[in-house]
Amino acid sequence: MYHIKNDRRAEKSVELIIGALTALMGEKAFAEITVTDLQRRSTVSRSTFYRNFDSLTDVLALLCDRGFQAIFSGGDEQDLRSEVFNYWFCNSAVLEVLVSIHRTDIFLLSFRREAMKLESLRFLAQDPCRCDYFISIITSVMVGVLTTWIEHGKKETREQVANILTDEFAAISALGIAG
């Protein structure tokens, strides 16, 4: 878990840590990156790192949270699919690492936290159980589609992935699996 104080010094340290991790992820596998590597690259002390994060994966969680905050603050709830895909197609490095370390749960939880704040989902607030299922379906589909895109080597364009998703939902419906 990350726990960042709301002050300028902490925010600057966090930005240095994020910058260092991003650079290191471009140089070697995430599993090979240590807090010492991050400390050296970012110039923040070990205690500063641990004051803000419990582990390296917590930095990834922060980046996921920031990504979904950016997506959902865009204001276009009508075309959420495109917003999510556009953002993660352009910012896939974090998602690639999460897939490689089998931690897409971080992505899923970030998506879920932000999706629960959407005005367009307020109708589900009266039925928390239904809301949980709805959000689970949406987040699982998004995570699954983006994970598959990465596993396929990111060969498909955004439009191709959107078309695949539309076609597969139609196939699911035609098979009577859903609705």
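Among contacts in the protein between residues at least 6 apart in sequence, what percentage join residues at least 24 apart? The figure is 64%, where contact means heavy atoms within 4.5 Å.

1. Basis of the note. This is a predicted model, in which local features need pLDDT of at least 70 and side-chain atom pairs count only at pLDDT 80 or more, while totals for chains, interfaces and linings use all residues. Residues are numbered from 1 along each chain as its sequence is written, and side-chain values use heavy atoms, with hydrogens and water left out.

2. Overall make-up. The protein has nine helices and zero strands, in the order α-α-α-α-α-α-α-α-α along the sequence. Helices (H or I, at least four residues) and strands (E, at least two) are DSSP runs, numbered from the N terminus. Along the principal axes, the C-alpha atoms fill a box of roughly 55 × 40 × 25 Å. Of the 179 residues, 38% count as buried; buried is under 20% relative accessible area, exposed is over 50%, and partly exposed lies in between, with a 1.4 Å probe and protein chains only.

3. Nonpolar core. The largest nonpolar core has 49 residues, and V84, W88, F107 and L146 have the most contacts inside it. Such a core is a set of buried Ala, Val, Leu, Ile, Met, Phe, Trp, Tyr and Cys residues joined through side-chain atoms within 4.5 Å. At least two residues of this core come from each of α1 (8–25), α2 (35–42), α4 (56–72), α5 (80–90), α6 (92–100), α7 (104–115), α8 (128–151) and α9 (158–174). The most is given by α4, with ten residues.

4. F107. Leaving aside residues up to four places away in sequence, F107 touches C64, F68, W88, L95, L98, V143 and L146.

5. Helix α6. The buried residues in α6 are S92, V94, L95, V97, L98 and V99. Their cover includes α1, α4, α5, α7 and α8.

6. Packing of α4 on α7. These two helices pack at an angle of about 35°, with their axes 9 Å apart. The axes are lines fitted to C-alpha atoms, for helices over the stretch in contact, and angles run from 0 to 180 degrees between N-to-C directions. The crossing of α4 and α7 is right-handed; the term applies if the near helix is turned clockwise from the far one by less than a right angle, and left-handed applies if anticlockwise. On the α4 side the contact is made by T57, L60, A61, C64, D65, F68, Q69 and F72, and on the α7 side by I106, F107, S110, F111, R113, E114 and A115. These residues divide into nine nonpolar, three polar and three charged. Here Ala, Val, Leu, Ile, Met, Phe, Trp, Tyr, Cys and Pro count as nonpolar, Asp, Glu, Lys and Arg as charged, and the others, Gly among them, as polar.

7. Aromatic pairs. Rings of Phe, Tyr and Trp (its six-membered ring) pair if their centres lie within 6.5 Å; planes under 30 degrees apart count as stacked, over 60 as edge-to-face and the rest as tilted. By this rule there are eleven aromatic pairs. The ring centres of F68 and F111 are 5.0 Å apart and their planes stand at 70°, so this pair is edge-to-face. Because F68 lies in helix α4 and F111 in helix α7, the pair ties together parts that are 43 residues apart in sequence. Both F68 and F111 are buried. One aromatic cluster is formed by F68, F72, Y87, W88, F107 and F111.

8. Positive phi angles. H102, in the loop between α6 and α7, has a phi near 60°, a positive value in a residue other than glycine. H102 counts as exposed because its relative accessibility is 69%. K154, in the loop between α8 and α9, is not a glycine either and has a positive phi of about 55°. With 32% relative accessibility, K154 counts as partly exposed.

9. Y50 is in helix α3 (residues 46–52) and is partly exposed, with a relative accessible area of 38%. Not counting residues up to four places away in sequence, Y50 touches H3 and V35. D105 is in helix α7 and counts as partly exposed at 32% relative accessibility. From C-alpha to C-alpha, D105 and G144 are 11 Å apart in space, and they are 39 residues apart in sequence.
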